[in-house]
Amino acid sequence: MHALVVSGLRKVYEGSGRRVEAVRDLTFTVEAGELVCLVGPSGCGKTTLLKCMGGLLTPTGGEVRLAGEKVSGPPPGMAFVFQEYGRSLFPWMRVGENVELPLKQKGLSKARRRELVSDALESVGLADAAGAYPWQLSGGMQQRVAIARALAYEPQVLLMDEPFAAVDAQTRADLEDLVRGLWRERGITILFVTHDIDEAVYLGQRVIVLSASPTVVQEQLKVDLPDERDQLHTRVAPRFAELRTHVYEQIQSAKRGTPSLTKTDTPPPH
């Protein structure tokens with residue numbers, strides 16, 4: 001079952017006498033329960049793509065479908081986690097209230113909302129933080145709150161837009177493991193956009209490499225690493241190095257505008 005289908009997606013920005021084709025012809029699918037990472041050269045239209053997928057931007061052509069339904073506005077089955085956690089949380093609201101906010105549109109009882117908030121905060125290791133304000137928490141903890149808010153919403157699909165780009169390396173490693181843990185526990189479908197090649201290979205079951213702008217899919221790569229991954233052993237495995245080198249080469253060729261070596265496959269082990 002396809003959770004997400006992107007077909008022939010195009011986005012052209014026009015204004016002030018300029019015409020910029022950000023996304024040319026993007027087609028790919030994400031299966032239900034899959035964790036897919038999306039990488040590409042800087043400025044290749046990753047955020048534009050996510051905004052079209054989330055119904056925040058209207059595409060110029062093509063379409064996005066969520067569980068078979070065409071996306072024409074923010075769909076109820078989808079949640080976002082953005083890079084700027086500081087701007088996505090309301091500083092005057094306590095952590096619990098921030099997590100609960102989107103649930104108020106769902107018409108749930110107060111008891112059910114409390115249950116979902118409590119469960120989500122516990123899932124991200126912040127069971128005791130409901131009464132704190134976001135500004136009292138570290139950056140990494142604030143991003144955990146943003147993830148908890150998305151989880152509490154019980155989405156079919158979670159879109160994550162470079163969510164760990166603004167935190168330090170140690171915090172980033174912890175958050176990567178948190179996302180993989182939540183994905184495995186909850187069977188949620190995740191599309192994770194990152195500019196970090198190592199992160200994409202570490203997290204994903206598949207990596208979709210985008211071309212330079214105007215964007216098309218350069219390659220789809222199956223990540224044939226074991227399902228059990230950890231920061232210590234996975235990242236020093238020879239296969240991890242082969243996969244990251246392959247993705248790096250693809251992104252370099254995308255920047256140069258040269259065609260990819262293979263369209264959809266796994267690079268053979270050396």
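Let's start with a term: a residue is buried when its relative accessible area is under 20%, exposed when over 50%, and partly exposed in between (1.4 Å probe, protein chains only). This is a predicted model, where local features need pLDDT of at least 70, side-chain atom pairs count only at pLDDT 80 or more, and totals for chains, interfaces and linings use all residues. Residues are numbered from 1 along each chain as its sequence is written, and side-chain values use heavy atoms, with hydrogens and water left out.

Helix 6 comes first. Helices are DSSP runs (H or I, at least four residues), strands too (E, at least two), numbered from the N terminus. In helix 6, the buried residues include R172, L178, L182 and W183. They pack against several elements, among them helix 4, helix 5 and strand 7 (157-161). Packing here is contact, meaning heavy atoms within 4.5 Å.

Now helix 4 (residues 110-123) with helix 6. Their axes come within 11 Å and cross at roughly 130°. That makes helix 4 oblique to helix 6. The cut-offs: under 35 degrees is roughly parallel, over 145 roughly antiparallel, 65 to 115 roughly perpendicular, and the rest oblique. Axes are lines fitted to C-alpha atoms, for helices over the stretch in contact, and angles run from 0 to 180 degrees between N-to-C directions.

Who touches whom? D119, A120 and S123 in helix 4 meet L178, L182 and R186 in helix 6.

Next, helix 4 with helix 5 (residues 139-152). These axes come within 8 Å and cross at roughly 135°. Helix 4 and helix 5 are therefore oblique as well. On the helix 4 side, L116, A120, L121 and S123 make the contact; A148, L151 and A152 meet them from helix 5.
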